[in-house]
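Welcome! Please take a look at the sequence and the structure below, and then we can walk through a few features together.

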Amino acid sequence: MFDGIANRLARTRTVVTRATVLPLVVRCGIGLAFFAAMTVAWPVTLVVSRYLVLFALVAVYPAFAPRGRGPTVAIVAVVAGWIIDTTWYDARTALWRVLAIATLTYAGHTLAALAAVLPYDSMVNADVLTGWLTRAGLTILISAVLTVLALGLTAELAGGAFVLATLVGLAAAVGLALLLGRLLRRP
């Protein structure tokens with residue numbers, strides 16, 4: 001047992017001494033994005049209480065384990081906070097909160113994907129990180145615009161037209177998933 005602990009401490013010491021700046025910045029970004037998502041999603045009374053340390057630990061966990069269950073645990077915690085806040089605490093659903101939670105969760109997830117393939121001791125050009133963040137920012141912007149447009153359309157559509165639009169959207173999503181699945185299996 002003590003040999004296992006000693007091996008882990010030696011490995012941690014090696015990681016800390018060999019780590020480079022850009023992978024460290026990416027991992028810090030993961031923790032910050034998930035922490036900000038949790039503070040927006042969870043009720044304010046819980047965020048400013050002693051549970052703040054627990055939120056911080058859950059948010060930082062994906063930075064240490066980006067290949068494992070870390071991002072999933074953090075995303076589930078963010079979604080659980082949103083559900084608790086809107087159902088148990090009966091908080092009002094505001095567009096800025098929905099967009100902020102989606103943006104921060106996506107940013108944490110995409111940074112975790114980058115950290116999963118980026119060794120902690122790699123020498124990376126800043127253009128790699130800039131390109132990655134630019135694509136992620138573009139995705140976030142397009143998603144936010146489409147969300148606002150879709151919410152604007154729901155005010156216009158009511159009753160049967162709304163149900164029809166929902167069914168058409170679901171059919172399109174299923175059709176696209178089937179098409180992508182078929183294209184991936186093609187030789």
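A crossing of helices is left-handed if the near helix is turned anticlockwise from the far one by less than a right angle, and right-handed if clockwise. By that rule, α4 and α5 cross in a left-handed way.

This is a predicted model, in which local features need pLDDT of at least 70 and side-chain atom pairs count only at pLDDT 80 or more, while totals for chains, interfaces and linings use all residues. Residues are numbered from 1 along each chain as its sequence is written, and side-chain values use heavy atoms, with hydrogens and water left out.

Back to the two helices. They pack at an angle of about 150°, and their axes are 7 Å apart. This angle makes α4 roughly antiparallel to α5 (over 145 degrees; angles run from 0 to 180 degrees between N-to-C directions). The table shows who meets whom, with contact meaning heavy atoms within 4.5 Å.

| Helix | Range | Residues in the contact |
|---|---|---|
| α4 | residues 52-64 | Val58, Tyr61, Pro62 |
| α5 | residues 70-88 | Gly70, Pro71, Val73, Ala74, Ala77 |

Of these residues, seven are nonpolar, one is polar and none is charged.

Next come the aromatic rings: the structure holds one aromatic pair (ring centres within 6.5 Å). Trp42 sits in the loop between α2 and α3, and Phe55 in helix α4, 13 residues apart. Both Trp42 and Phe55 are buried (under 20% relative accessible area, 1.4 Å probe).

Finally, Asp90 lies in the loop between α5 and α6. Its relative accessibility of 63% means that Asp90 counts as exposed (over 50%).

Note on methods
Helices (H or I, at least four residues) and strands (E, at least two) are DSSP runs, numbered from the N terminus. Angles under 35 degrees count as roughly parallel, over 145 as roughly antiparallel, 65 to 115 as roughly perpendicular and the rest as oblique. Ala, Val, Leu, Ile, Met, Phe, Trp, Tyr, Cys and Pro count as nonpolar, Asp, Glu, Lys and Arg as charged, and the others, Gly among them, as polar. Rings of Phe, Tyr and Trp (its six-membered ring) pair if their centres lie within 6.5 Å; planes under 30 degrees apart count as stacked, over 60 as edge-to-face and the rest as tilted.
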